Amino acid sequence: MDNIIEIFSIVITIVSILGTIFLYQFRKLNKLIIERDKEKSVKMSLQREKLENVIYNNVDDLTKDAVIFSDSNHLLLDASNNNELKSKKEVPNYSYFEDLGISREEYTIVEKSIICLMPFNTKYDNLYSTIKQGCMYNGFNCLRTDEEKIENNANLRKYIVSKIIQAQVVIAVLDGRNPNVLYEVGIAHAIGKLVILLVKREKSNELPENLKGNRLLIYKDFDDLFQQLSLTLTQIEYD
């Protein structure tokens, strides 16, 4: 009987040791998997940004010429021909918003608020910093939609559209011709938002002055953008 108890005790000890070893190895493997996934995610993010930069640089080259720029952006430019700087509070009751789950309470306009539609690429961080400074200088609170954490990415479109609805003014950066930005500009135009378009003008091949208007700011550099944006924001009338 003592032998059986001793053997049983040894078996339990061995099983316990093996279990501890297995648990240790499992945790170690799980940690390696997590670290590998993080590293893979970082590499994919860097690769994506690298590819985006190639696309944006190529687009910049393709839109330097005034004729090509006008041809590529004629719908947006036509929408900017109305130089009346008036911000409206009414939002049409479109089923599009209801399908997104946006309630009527979210139609309320936030005073002195600006939503900035632009690519979420580090290439444009300094540009956004200038835009934000220009808005703050004139008493506006400017927000880019990636500044606030979205718990559920599935609600990202609802979040962006809600911010467009609630903003008094929409600023959109055409540099890079980002499809998401163009889509969001279309929504803003459709609901009658005051949309101010921004695009950089290359010194070597300037766009014609007749494309300029209160709703289209063609800037040479960040200082020029700050001055133009500040002047435009001071001229806005509100219903």
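A disulfide is taken here as a pair of cysteine sulfur atoms within 2.5 Å. By this criterion the structure, a predicted model, holds zero disulfides. The sulfur of cysteine 135 lies 4.0 Å from the closest cysteine sulfur, that of cysteine 142, which is too far for a bond. Cysteine 142 is accordingly in no disulfide. Both residues are buried (under 20% relative accessible area, with exposed over 50% and partly exposed in between; 1.4 Å probe, protein chains only): the relative accessible area is 0% for cysteine 135 and 1% for cysteine 142.

The model is predicted, and local features need pLDDT of at least 70, side-chain atom pairs count only at pLDDT 80 or more, and totals for chains, interfaces and linings use all residues. Residues are numbered from 1 along each chain as its sequence is written, and side-chain values use heavy atoms, with hydrogens and water left out.

Lysine 132 belongs to helix H5 (residues 125-137); helices (H or I, at least four residues) and strands (E, at least two) are DSSP runs numbered from the N terminus. With a relative accessible area of 22%, lysine 132 is partly exposed. Residues up to four places away in sequence aside, lysine 132 touches Cys142 and Glu147 (contact: heavy atoms within 4.5 Å). Arginine 144, 12 residues from lysine 132 in sequence, is 9.0 Å away, C-alpha to C-alpha.

Strands S5 (residues 195-200) and S6 run parallel and are joined by four bridges, where pairing requires at least two DSSP bridges between two strands. Leucine 198 has leucine 217 of S6 as its bridge partner. In a regular strand, side chains alternate between the two faces of the sheet. Strand S6 (residues 216-219) is covered on both faces, with Leu216 and Ile218 buried on one side and Leu217 and Tyr219 buried on the other.
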